Amino acid sequence: MTPAAQQHPSQHTPELRAVARRIGRRRFLTATGAAAALAFAVDLPAAGTASAAELDAARITANPFTLGVASGDPLPGSVLLWTRLAPAPFQPDSGLPAERVTVHWELAHDDRFRRIIRRGSATAHPEYHHAVHVEVGGLAPDRVFHYRFRVGGWISETGRTRTAPAAGAHVSALRLAAVSCQAYHDGYFTAYRHLAQEDVDVVFHLGDYLYEYAVDAVGGARNYTDRTLPALFAHETVTLEDYRLRYALYKSDPDLRAAHAAHPFAVTWDDHETENNYADDVDENGGPPEEFLLRRAAAYRAYWENQPLRRQQRPVGPDARLYRRLGWGRLAQFDILDTRQYRSDQAYGDGAHVPGPESDDPARTITGATQERWLIDGWRDARALWNVVPQQVAFSQRRLDLNPVAKVSMDAWDGYRASRQRVLAGARATGIENLMVLTGDVHVSYAFDILDDFDDPASAVLGTEIVATSVSSGKDGAERPANWATYTQANPHLKFYNGRRGYVTVELGRKAARADFRTVSAVTTPGAPVTTAASFVTQVGDQGLHRV
């Protein structure tokens with residue numbers, strides 16, 4: 001049992017736990033059961049006379065925009081704008097009564113809002129913790145816009161966003177960034193301050209946006225001397241209130257807020273937004289699935305409330321459709337995966353293990369059958385030059401030692417080799433030529449060639465995998481971690497390995513793609529400069545990474 005479980009032996013009432021037991025395992029949830037799960041996970045806003053009273057905005061006497069603004073999932077004619085009202089973000093009620101608030105928004109061509117093209121209002125419901133998700137449609141494709149929110153006399157900071165190019169547009173280039181793994185207690189989000197200054201079209205967050213672990217009074221490795229964090233962060237997140245407060249802590253970081261204001265994000269989760277290494281309805285410690293689903297419902301709800309996601313991604317109880325597809329004209333198709341919610345439990349008790357009958361069982365899956373079919377069907381219909389797959393855990397084979405039969409990670413695609421083989425077979429069968437996988441999770445930068453047969457270094461290169469290091473998880477790291485020589489020798493298809501913190505930018509073009517691995521020297525102290533640790537290119541129609 002984790003320390004948090006000892007501190008929180010029963011976070012939910014007996015009545016709710018009894019309802020969860022009646023619902024049972026996720027795969028047996030009916031539509032009615034899912035609705036019941038949502039009902040006890042968190043209330044829905046009521047309509048008509050049953051709705052919450054409206055708060056007079058004049059009663060809000062402190063800045064309600066302490067968590068910043070964000071935008072996400074750019075479409076050719078639409079942008080998604082987000083904020084959450086929190087005058088007192090470190091209080092469970094965020095400093096607001098359980099009343100709805102009218103939030104006004106503006107979208108303009110310029111950052112001074114002299115050329116406003118859309119304006120409107122939205123309701124911040126207390127049931128959604130006063131989060132606002134505004135989907136603005138009817139916009140011209142491939143345009144940059146600026147946006148802001150207003151409540152009473154309070155005006156938010158200005159955000160910058162954009163629409164994607166039209167579906168059939170012939171786009172010459174796209175520059176993206178990929179980030180992952182930002183443990184608050186492991187250090188400062190310095191990488192985000194630098195990313196906010198980069199010229200990128202969109203940022204992909206590949207998971208572990210927050211960590212469930214306790215954060216002490218000095219912010220862990222941040223070692224604050226100018227503030228004391230409240231004790232309500234000093235335990236593992238379990239309840240809806242816990243997760244909501246933890247998002248408030250993370251989003252109070254000025255560097256993260258700056259990156260969100262500067263660029264639209266496309267986000268997907270990994271494990272720590274809920275619990276370390278969970279698999280479907282199986283928690284880390286093998287507890288009752290019905291109890292874990294309560295926690296998962298709370299985590300998923302708080303994730304949606306605090307991210308720039310569209311209504312299609314809003315969870316229903318412990319389930320949410322997070323995998324989705326974005327396009328960038330005829331240049332790129334992005335198939336964003338969820339390798340956590342539908343996966344089979346990790347083989348051999350998780351951890352590092354040599355492959356065997358349990359891990360190689362063809363019935364095992366890391367994506368679930370439905371998502372796997374969706375991915376391959378999407379490739380079959382693809383018309384884009386680049387097929388990019390933003391997802392969570394290492395896709396390429398990663399031998400962890402030099403033994404003839406090496407151990408591999410049971411949590412990564414190496415623990416689900418039948419899944420990987422089916423996906424790669426789908427890539428071959430559909431004829432996509434320029435495959436790129438974007439990965440997070442491992443707190444290091446990797447550059448892999450994706451081989452047709454990972455055990456044969458001379459086999460065909462089917463694509464490339466770019467692994468974004470962590471923003472802060474793992475503290476400062478090292479340029480060459482202790483296992484650097486072992487990993488580079490054991491994996492000839494591994495072209496680059498660096499253990500510093502940072503992010504990666506990728507420019508997709510008509511002839512080639514270029515990845516720049518951007519790293520910072522430290523995160524346990526603020527203000528470290530950013531450098532380019534390495535750059536690689538891969539050619540259209542001739543996949544394989546080459547250092548430049």
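User: Which residues form one aromatic cluster?

Analyst: In this predicted model, one aromatic cluster is made up of Tyr184, Tyr188, Phe189, Tyr192, Tyr224, Tyr250 and Phe265. Phe189 also has a charged neighbour: Arg222 lies over the face of its ring, 4.7 Å from the ring centre.

User: How many aromatic pairs are there, and why is the pair of Phe189 and Tyr192 classed as it is?

Analyst: The count is 25 aromatic pairs. A pair is classed by the angle between its ring planes, with over 60 degrees counting as edge-to-face. The planes of Phe189 and Tyr192 stand at 80 degrees, with the ring centres 6.0 Å apart, so this pair is edge-to-face. Both Phe189 and Tyr192 are buried.

User: What geometry do Phe496 and Phe517 show, and where in the chain does each lie?

Analyst: Phe496 and Phe517 form a tilted pair, with 40 degrees between the planes and 4.9 Å from centre to centre. The pair links distant parts of the chain, since Phe496 belongs to strand 21 (residues 494-509) and Phe517 to strand 22 (residues 512-520), 21 residues apart. Phe496 and Phe517 are each buried.

User: Turning to cavities, what lines the largest cavity?

Analyst: The search of the whole structure finds 4 cavities of 30 Å³ or more, and the largest holds about 60 Å³ of space. Its lining includes Leu337, Trp379, Gln391, Phe395 and Trp413. By class, the lining has 10 nonpolar residues, 1 polar residue and no charged residues. Helix 8 (369-380), helix 9 (417-430) and strand 17 (435-439) each contribute at least two lining residues.

Methods:
Residues are numbered from 1 along each chain as its sequence is written. This is a predicted model: local features need pLDDT of at least 70, side-chain atom pairs count only at pLDDT 80 or more; totals for chains, interfaces and linings use all residues. Side-chain values use heavy atoms; hydrogens and water are left out. On a 1 Å grid over the protein atoms alone, a cavity is a set of points where a 1.4 Å probe fits but cannot get out, and a pocket is an open set with protein on both sides within 12 Å along at least five of seven lines; lining residues have an atom within 4 Å of a point. Grid points are joined across faces, edges and corners, and a volume is the space filled by probe spheres set on the points. Helices (H or I, at least four residues) and strands (E, at least two) are DSSP runs, numbered from the N terminus. Ala, Val, Leu, Ile, Met, Phe, Trp, Tyr, Cys and Pro count as nonpolar, Asp, Glu, Lys and Arg as charged, and the others, Gly among them, as polar. Rings of Phe, Tyr and Trp (its six-membered ring) pair if their centres lie within 6.5 Å; planes under 30 degrees apart count as stacked, over 60 as edge-to-face and the rest as tilted. Buried means under 20% relative accessible area, exposed over 50%, partly exposed in between (1.4 Å probe, protein chains only). A charge sits over a ring if NZ of Lys or CZ of Arg is within 6 Å of the ring centre and within 35 degrees of the ring normal.
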